[in-house]
Amino acid sequence: MDPAKKYDLKDAVDIVGDCEDMCPEYERHEREYQNTLLTLEKIPGTEFVDHARAVKRYKRSAAGDEKPLPCDLRPPRVLQKTMDYLIHEIIAVHGVEDSHSFVRDRFRSIRNDLTLQNIRGEEAVKLHEPIARYHILCAHHLCDVSTVNAAQEVEQLRKTLLSLMEFYDELNAANIFMPNEAEFRAYHVLAHAYAHAVQIKFEKSLSPAVLHHPYMQIALQLRNYLYHGRRPDEGLRADGARSLHGRLFRLIAAPTTPYLLACCIHTHFVKIREAAFEAINASYCCGNQEKDEVHIGYRVYVRDLAEMLGFNDEDDCIIDLQYYGVEVRELPEGRIAKIGTRVGGKKTFPLESEYLHSWFVRRIANP
Amino acid sequence: MPLGSKNMCNSTRHAITKGTELPSIDLFPIADQVTFKYYTGVLAFFEENYAVAESELSFAFDRCMVGGADAERLILSYLIPIRFLKGCYPHQDLFTKYPAMEHLYGDFALAIRRGDLGLFDRAFDRLQRPLCRRGTWFTVEKAREVVIATMMKKVWMLENSPTRLPLTKVQQALRLSGNDSDIPEVECVVANLIDKGFVRGYIAHQSGMIVLAADGRPFVAPQTVAAASRSAS
């Protein structure tokens, strides 16, 4: 082929990697020299690279970069080996939290290698699926770790899922059906639970087998509770969405709901609760505002709210209530929330809020 | 649309409706107008812009004549669920004329008329696949609330229209319809109805009572609710 000549895009030849190690040889020496090796990649007690444990890092493609050489790209077989290593010898040994930044970056590099080689078939699916699961787990499990940004985790999750959806579509067109398709399409529904366009498009494209899969049915039920009865003309504004929160949190905590599906919806908790508080605020009466005494029939106990909205405990609920400017009062019978008067303008919680997390781990991880 | 890329439609639509170079769409042959209105209506439907969708699709339905039944069925499959959201359902004559529509939406129409939540839920599960194929399953779900509001109104009337309705009464109705719910869940349902304006009143949480507007009209017609929320937004 003459590199100076123009060729048709369909005649393009995919580059095929032949790197047999988890990290290309050049990068190992380069990073040893640059001193950018991580502890997990060094020979313990030294600054030298451990050639068996270094893993190729993710590098954003930038203008001026040379085209990657085959010796710098790993074929699917090696990528699988890399992934097994990361899961069994890094995550399993060092824990999800401590290994997070390392594993996250190296998983990304696995996806990148696949993209560069234009591998989109079954092998790509098998490599993407665990990565998606990993991001779902981290978005939930590490959301109160200060070094982890849950929003970024969700971003990677969405990218991974998007690739997966494309792979499934292409495979389905060739009459190949992957065993876990329903599971990941279910995650996709929930990851984009507030994107109406995604929901509709997706609904139309489901094959009956995927649609009737128990995973998918639970995901759709969660989504329907989430969306329950939005105002007919609310348009695309997601934060106005009302949910059937009373049922939603029950279903999330139900033993029949798979753990990762529950993790997936956890990223929407802020919105769900905000909408729930609004609905409660509009419909509950907290008595005469002039008098200080709240009539006993109108009392809203914080413990009831905490139970209804799936909070860890009363204190967690109070943090949220105070955020919205709801007054909490101590009474001998328990703490009550003066909810039922209009609170000021809408505010949103930062996603990485600590208190969003703990209830979940307790309820879901140790049912 | 065959490309499945709805996001590309907007710029085209914009060029047609907002562009100055082209004559107004009203000046084109009616057949083209109908086709255009149908597609803009469907687009608006998928964008949850139901007011626009309704007017565009109604236009198309009223003036569509050439293709006859097929085209009308297509339009109706979107138009009927939009009307559901306002608590409107088609007359039996329409269903008799289009049996396919009756198969899809007949039970929902009946459920909305009667406030029969059980019927609605059963139809919703049974018709999941065909509705999904048309992309309307999700929209039909939103009409569930209208059914609950009607159901609650019936409970209220059976109780001789009191101003204070115990939550347990609504709970019983929900149970009869196959939705076994405890009181917090019932409260949540009622709170949503009040918040959205279907019911005028408030919940006295601790005494488990719904206190309804005393002027004898605590229930607001879904159509009014839809119109009110439209003008608010």
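User: How many bridges join strand β1 of chain B to strand β3 of chain B?
Analyst: This is a predicted model. In it, β1(B) covers residues 164-166 and β3(B) covers residues 209-212, and the two run antiparallel. One of the bridge pairs links Pro166(B) to Met209(B) in β3(B). The number of bridges joining these strands is 3.

User: Which residue in β3(B) is the bridge partner of Ala204(B)?
Analyst: Strand β2 of chain B, residues 201-204, runs antiparallel to β3(B), and 4 bridges join them. Ala204(B) belongs to one of these pairs, and its partner in β3(B) is Met209(B).

User: Which residue in the turn of the hairpin formed by β2(B) and β3(B) has a positive phi?
Analyst: The hairpin has 4 residues between its two strands. One residue in that turn has a phi of about 65 degrees, and this residue is Gly208(B).

User: Why is one side of β1 and of β2 of chain B left without a neighbour in the sheet?
Analyst: The open sheet has 3 strands in the order β1-β3-β2 (chain B), with antiparallel pairing. β1 and β2 of chain B each have a single partner strand, so one side of each has no neighbour in the sheet, because both stand at the edges.

User: What is the average twist from one strand to the next?
Analyst: The strands follow the order β1-β3-β2 in chain B. From one strand to the next, the twist averages 25 degrees.

User: At what angle to β2(B) does helix α12 of chain B run?
Analyst: Helix α12(B) spans residues 183-196 and lies across β2 and β3 of chain B. Relative to β2(B), its direction is at about 155 degrees.

User: How are α10(B) and α11(B) oriented to each other?
Analyst: α10(B) covers residues 144-158 and α11(B) covers residues 167-176; their axes come within 10 Å and cross at roughly 120 degrees. An angle from 65 to 115 degrees would count as roughly perpendicular and one over 145 as roughly antiparallel. The two helices are therefore oblique.

User: How many charged residues does the contact of α10(B) with α11(B) have?
Analyst: α10(B) contributes Met151(B), Met152(B) and Val155(B), while α11(B) contributes Lys169(B), Val170(B) and Ala173(B). By class, 5 are nonpolar and none is polar, and the number of charged residues is 1.

Technical notes: Residues numbered from 1 in each chain as written. Chains lettered and ligands numbered in written order. Predicted model: local features only at pLDDT ≥ 70, side-chain atom pairs only at ≥ 80, totals over all residues. Pairing = 2+ DSSP bridges. Axes fitted to C-alpha atoms, helices over the stretch in contact; angles between N-to-C directions. Contact = placed C-beta atoms within 7 Å. Parallel < 35°, antiparallel > 145°, perpendicular 65-115°, else oblique. Nonpolar A, V, L, I, M, F, W, Y, C, P; charged D, E, K, R; others polar.
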